[in-house]
Amino acid sequence: MQASPVVEIRNISKHFGEGPTRIDALRDVTLDVYPGTVVGLRGPSGSGKTTLLNVIGCILEPNSGKLTLNGEKVYDGRWLRHDLRRLRLEKIGFIFQSHNLLPFLNAWENVAIAHILAGASTAKAKSRAAELLTYLQVERRMDAMPSQLSGGEAQRVAIARALANDPRIILADEPTAALDSQRAGIVIEMLRKVAVEHQAAVIVVTHDQKIFDRFDHIFSLRDGALEGEYSKAA
Amino acid sequence: MNLALKDIKHNLGRFLLTCVGLSLLLCIVLAMVGIYRGLIVEALGLVRAAQAQVWVVEGGTRGPFAEASRLPGDTREAIAAQWGVAAAGSVAYQNVEAHHRGQMKRLLVVGAEIARLGEAPTIVEGRPILRSRYEAIADRGAGLVLGEQIKLGRDTFTVVGLTENLVGSGGDPVMFVTLRDAQRLQFAVEPAAARRDAARTPGATASSDTINAVLVRLLPGVDPKQFVQAIARWKHLSALTHEEQETVLSRSVIERARRQIGLFTSLLLIVSTVIIGLIIYTMTLDKKKAIATLKLIGAPDSRIVGLIIQQALAMGLISFFVGLGFIHTIYGYFPRRLVLESPDAAILFGVVLLVCLLASALGVRVALKIDPASALAG
């Protein structure tokens with residue numbers, strides 16, 4: 001029996017502007033993402049990938065539809081929770097194209113900050129950061145500042161930060177854009193490992209054709225609408 | 001984990017450089033307040049040193065500091081004969097410029113009667129004036145030493161005693177001489193002028209027995225205000241209590257300086273606010289992406305606002321204490337007296353905190369407007 005989806009999107013629409021300037025960024029998008037899977041969101045520029053990621057990340061309010069995250073109804077014509085930042089903190093991990101490590105914190109502090117924001121003590125957060133950095137094999141660079149990290153090391157630290165609060169949903173925005181195919185493959189395999197071992201749903205927005213075959217499932221968007229979906233098994 | 005301190009550490013050079021600049025500004029603010037306090041202490045020092053309860057001056061004036069006041073030399077005898085008077089002394093004040101040891105010295109010459117009210121108060125070195133002519137007690141600020149001779153007008157005086165921190169409201173060191181010497185210095189005309197006056201008004205002789213005020217100390221239980229009212233009945237005389245004399249000096253003599261210094265201090269505080277505001281604003285702009293990321297991963301606004309306000313406060317506090325230390329190090333080098341009082345420093349401390357909060361408002365506004373989604377943009 002298949003597990004319940006971690007991300008359930010039903011008929012989500014989002015438009016910007018009104019009248020002749022109206023742009024439909026998302027049109028009736030419906031999709032499910034299951035735990036333990038790495039899903040790709042692909043499509044040309046302006047197809048609505050990032051808008052969809054923002055909606056799932058509770059950063060952008062859609063105009064209609066329903067959104068359920070980890071079994072909790074989050075949006076149903078309006079936000080059902082006021083503390084969306086808390087929701088993001090507890091349930092969603094973010095990985096960015098340019099890592100977005102805080103330049104004034106070292107590697108372990110960058111990971112620990114997410115745990116501290118969730119209410120953990122500094123000592124506990126440091127221990128959690130050390131555990132995650134060891135898990136991602138970058139523990140030797142714990143005290144390095146972001147400017148001292150290589151691209152690959154910074155990406156691992158960013159992934160560690162995304163995992164700090166053990167989220168069930170990980171949203172990654174073009175995480176392999178700046179990497180060659182070998183390193184891109186390593187990052188996706190790392191995300192797969194995270195997805196499987198943490199039973200998380202990993203959603204990756206990407207243009208990167210060289211990693212398409214590494215996803216469990218791919219949703220293809222065009223002009224804000226779901227154009228097609230492809231499963232590895234199919 | 002304190003994000004504000006981490007960010008300061010990351011940009012330590014720029015932060016400290018800003019603090020140094022700001023501390024110099026706050027140092028000047030403290031100096032301004034110190035100069036104002038010094039003005040008050042200096043201006044009131046002479047009034048307080050006189051130890052008089054009532055000042056009798058020329059009728060219709062508020063002399064002798066705020067306005068010119070001339071009284072006949074025998075006024076003291078008339079006043080001393082009044083009921084309730086314990087002691088009275090005639091005084092004459094005059095600003096004098098003297099060439100001495102190749103330098104021009106400005107002095108406030110005070111003429112007082114020996115062993116009467118108005119003579120030099122605490123003498124820190126030497127002795128009081130004992131001879132009726134040509135002896136002087138000078139303030140250390142005049143740069144004179146015991147036994148040194150200085151020419152004032154047509155007479156040469158020997159310094160027999162020294163006082164400390166006694167200057168006039170203009171900052172000129174005080175020199176005490178006998179009343180007779182002071183009268184000669186102030187009122188006696190040159191021989192040629194005297195001859196001319198005598199020729200123009202045959203029979204008339206110019207009198208130099210003129211004084212500026214009579215200082216009065218009352219018997220215990222006598223109300224100075226009632227005494228002042230009694231004196232006011234003499235149409236050619238006016239009287240002021242010690243408190244009134246201090247008020248006259250504070251309002252008339254120091255008021256303009258107070259307003260000037262107050263305005264300058266306000267401008268400096270505005271400049272400090274603008275500097276803190278701009279620095280915090282640019283520091284916030286530099287952190288736009290970091291703030292967007294923090295918001296995206298779930299940091300509450302309070303945490304981000306705290307980051308900015310703490311940085312502004314840290315900047316203000318460091319600058320304040322560096323400025324305070326700096327002014328305490330250099331205050332002795334100021335040509336005029338600087339009086340640094342703890343309550344003034346405490347008030348400035350409060351003002352700096354307020355200024356920091358005000359200055360951080362712009363940065364806070366920018367930070368709150370940052371869209372978390374911008375963290376996702378390349």
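Is Val214(B) buried or exposed, and how many other C-beta atoms lie within 10 Å? The first legend below takes this up. The model shown here is predicted, so local features need pLDDT of at least 70 and side-chain atom pairs count only at pLDDT 80 or more, while totals for chains, interfaces and linings use all residues. Residues are numbered from 1 along each chain as its sequence is written, and chains are lettered from A and ligands numbered from 1 in the order in which they are written.

View 1. Val214(B) is buried, with 29 other C-beta atoms within 10 Å. A residue is buried if 20 or more other C-beta atoms lie within 10 Å of its own, exposed if 12 or fewer, and partly exposed in between, with C-beta atoms placed from the backbone. Helices (H or I, at least four residues) and strands (E, at least two) are DSSP runs, numbered from the N terminus. Leaving aside residues up to four places away in sequence, Val214(B) touches Val56(B), Leu71(B), Thr75(B), Arg76(B), Ile79(B), Ala88(B) and Ser90(B). Contact here is a matter of C-beta atoms, placed from the backbone, lying within 7 Å. As for Gln103(B), it is 111 residues from Val214(B) in sequence and 33 Å from it in space, C-alpha to C-alpha.

**View 2. Helix 11 of chain B with helix 10 and helix 2 of chain B.** Helix 10 (residues 301–330) and helix 11 (residues 342–369) of chain B pack at an angle of about 145°, their axes 8 Å apart. Axes are lines fitted to C-alpha atoms, for helices over the stretch in contact, and angles run from 0 to 180 degrees between N-to-C directions. Helix 10 of chain B passes helix 11 of chain B in a right-handed crossing; a crossing is left-handed if the near helix is turned anticlockwise from the far one by less than a right angle, and right-handed if clockwise. This contact of helix 10 with helix 11 of chain B has 20 nonpolar, 3 polar and 1 charged residues. Ala, Val, Leu, Ile, Met, Phe, Trp, Tyr, Cys and Pro count as nonpolar, Asp, Glu, Lys and Arg as charged, and the others, Gly among them, as polar. Helix 2 and helix 11 of chain B also pack at about 145°, with axes 11 Å apart, and helix 2 of chain B passes helix 11 of chain B in a right-handed crossing. Here Leu26(B), Val29(B), Leu30(B), Val33(B) and Arg37(B) of helix 2 meet Asp344(B), Ala345(B), Leu348(B) and Val352(B) of helix 11. By class, the contact of helix 2 with helix 11 of chain B holds 7 nonpolar, no polar and 2 charged residues.

**View 3. The buried residues of helix 1 of chain B.** Leu3(B), Asp7(B) and Ile8(B) are buried in helix 1 (residues 3–10) of chain B. They lie on the same side of helix 1 of chain B because they cover an arc of only 135° around the axis, the arc being that of the directions from the helix axis to the C-beta atoms. The buried residues of this helix pack against helix 2 (12–50) and helix 10 of chain B.

**View 4. Where domain 1 of chain B touches domain 2 of chain B.** Domain 1 of chain B spans 3–42 + 255–375, and domain 2 spans 45–253; these bounds come from an automatic or database domain assignment. Taken over C-alpha atoms, the centres of the two domains of chain B are 48 Å apart. In the contact, 6 residues of domain 1 of chain B meet 8 residues of domain 2 of chain B. Helix 2 of chain B gives the largest share of the domain 1 side, 3 residues. That side divides into 2 nonpolar, no polar and 4 charged residues.

**View 5. The contact of chain A with chain B.** Chain A supplies 25 residues and chain B 17. On the side of chain A that touches chain B, helix 1 (49–56), helix 2 (84–91) and helix 3 (107–117) of chain A each supply at least two residues. Helix 3 of chain A gives the most, with 6 residues. The chain A side divides into 14 nonpolar, 6 polar and 5 charged residues.

**View 6. Positive phi at Asp223(A) and Asn165(B).** Asp223(A) has a positive phi of about 50° although it is not a glycine. Asp223(A) sits in the loop between strand 9 (217–222) and strand 10 (225–231) of chain A, and is partly exposed, with 15 other C-beta atoms within 10 Å. For Asn165(B), also a residue other than glycine, phi is near 55°. Asn165(B) is found in the loop between strand 8 (155–163) and strand 9 (174–178) of chain B; it is partly exposed, with 17 other C-beta atoms within 10 Å.

Definitions and conventions:
Contact = placed C-beta atoms within 7 Å.
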